Amino acid sequence: MFFISAPFGNYLKFKDTTRVTGTWTIKPRPGLFKQIIKTLRYVKTDQGRVWRNQLGLRNPGLQHGMFKTSYDDVLSIAAIDKQDWNIALRMISPDRNIELNISCPNLGSHEDTTAFEGFELFPNHMRGKWCIVKVPPTSSNKLLDKIVELGYNHIHASNTLYTPQGGLSGQVLVEHTLRIIDYCKKEYPHVEIIAGGGVRNKQDVTRYKNAGADHISLGTVCFTPWKVTSLLK
């Protein structure tokens, strides 16, 4: 299965894909388009050119997200304050599909939100098809162990890579995603891995599939929607 990752899932829809919308926070965080103009850049790295941003989860809030997201799509949410997971549990129908985004490199905070109260409750609370945890590319094996031991069976690898200038996405994530796939599939073969980062063509899809990925997430390629259409064919 192909997922259209957040925030692209807010705007794009392709046949035979699942959209992930968000990432939504409990309270609105305005200023999205201002941050896009100020911080979104196509920059050169050792892995080639990648996208860099400092969007910092700018969004209209979870209430708006639930109104805009169908039950067939996946609602991506993030916790900023320590009670946010508990609040989200009360707000979101257990029949929804969700993705818990446990890292955002642009918030100026690097707290482990899996330690926030309520995170451990989602696996037993949610009844939808998807209850996903989106992990940072630098996830330790210990963090992955914790997520699986709490009962999560879907892991999305991975989020953007932190730098002081902003989060990097694209090819720079490939080595991190492959490492996470390798560890999870060796230790927890029952866990389904959604692999993302640097997927531009069918060869990239094949590389992740051969590594053990169960599903593919499309992100930065969505800046060129015609390439997504070609890839899906």
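Mentor: Helices (H or I, at least four residues) and strands (E, at least two) are DSSP runs, numbered from the N terminus. Ala 88 sits in one of them, helix 3 (residues 84-91). This is a predicted model: local features need pLDDT of at least 70, side-chain atom pairs count only at pLDDT 80 or more, and totals for chains, interfaces and linings use all residues. Residues are numbered from 1 along each chain as its sequence is written, and side-chain values use heavy atoms, leaving out hydrogens and water.

Trainee: Why does Ala 88 count as buried?

Mentor: Buried means under 20% relative accessible area, exposed over 50%, partly exposed in between (1.4 Å probe, protein chains only). Ala 88 has 2% relative accessibility, so it counts as buried.

Trainee: Which residues does Ala 88 touch, not counting those up to four places away in sequence?

Mentor: Ile 26, Leu 62, Ile 77 and Phe 122. Contact means heavy atoms within 4.5 Å. Phe 122 in turn contacts Ile 77, Trp 85, Leu 89 and Tyr 152, among others.

Trainee: What makes a set of residues a nonpolar core?

Mentor: They are buried Ala, Val, Leu, Ile, Met, Phe, Trp, Tyr and Cys residues joined through side-chain atoms within 4.5 Å. The largest here has 52 residues, and Ile 77, Phe 122 and Leu 218 have the most contacts inside it. Helix 6 (residues 174-187) contributes the most, five residues. Another core, of seven residues, lies apart; Phe 3 and Val 20 are among its members.

Trainee: Why is strand 5 (residues 74-78) called largely enclosed?

Mentor: Five of its five residues are buried, so the rest of the structure largely encloses it. Val 74, Ser 76 and Ala 78 are buried on one side, Leu 75 and Ile 77 on the other.

Trainee: How do you know that strand 5 pairs with strand 6 (residues 97-101)?

Mentor: Pairing needs at least two DSSP bridges between the strands. Strands 5 and 6 have five, in the parallel sense. Ala 78 stands opposite Asn 101 there. Strand 2 also pairs with strand 5, parallel, over three bridges. Thr 21 faces Leu 75 of strand 5.

Trainee: How many nonpolar, polar and charged residues are in the lining of the largest pocket?

Mentor: 20 nonpolar, 25 polar and four charged. Ala, Val, Leu, Ile, Met, Phe, Trp, Tyr, Cys and Pro count as nonpolar, Asp, Glu, Lys and Arg as charged, and the others, Gly among them, as polar.
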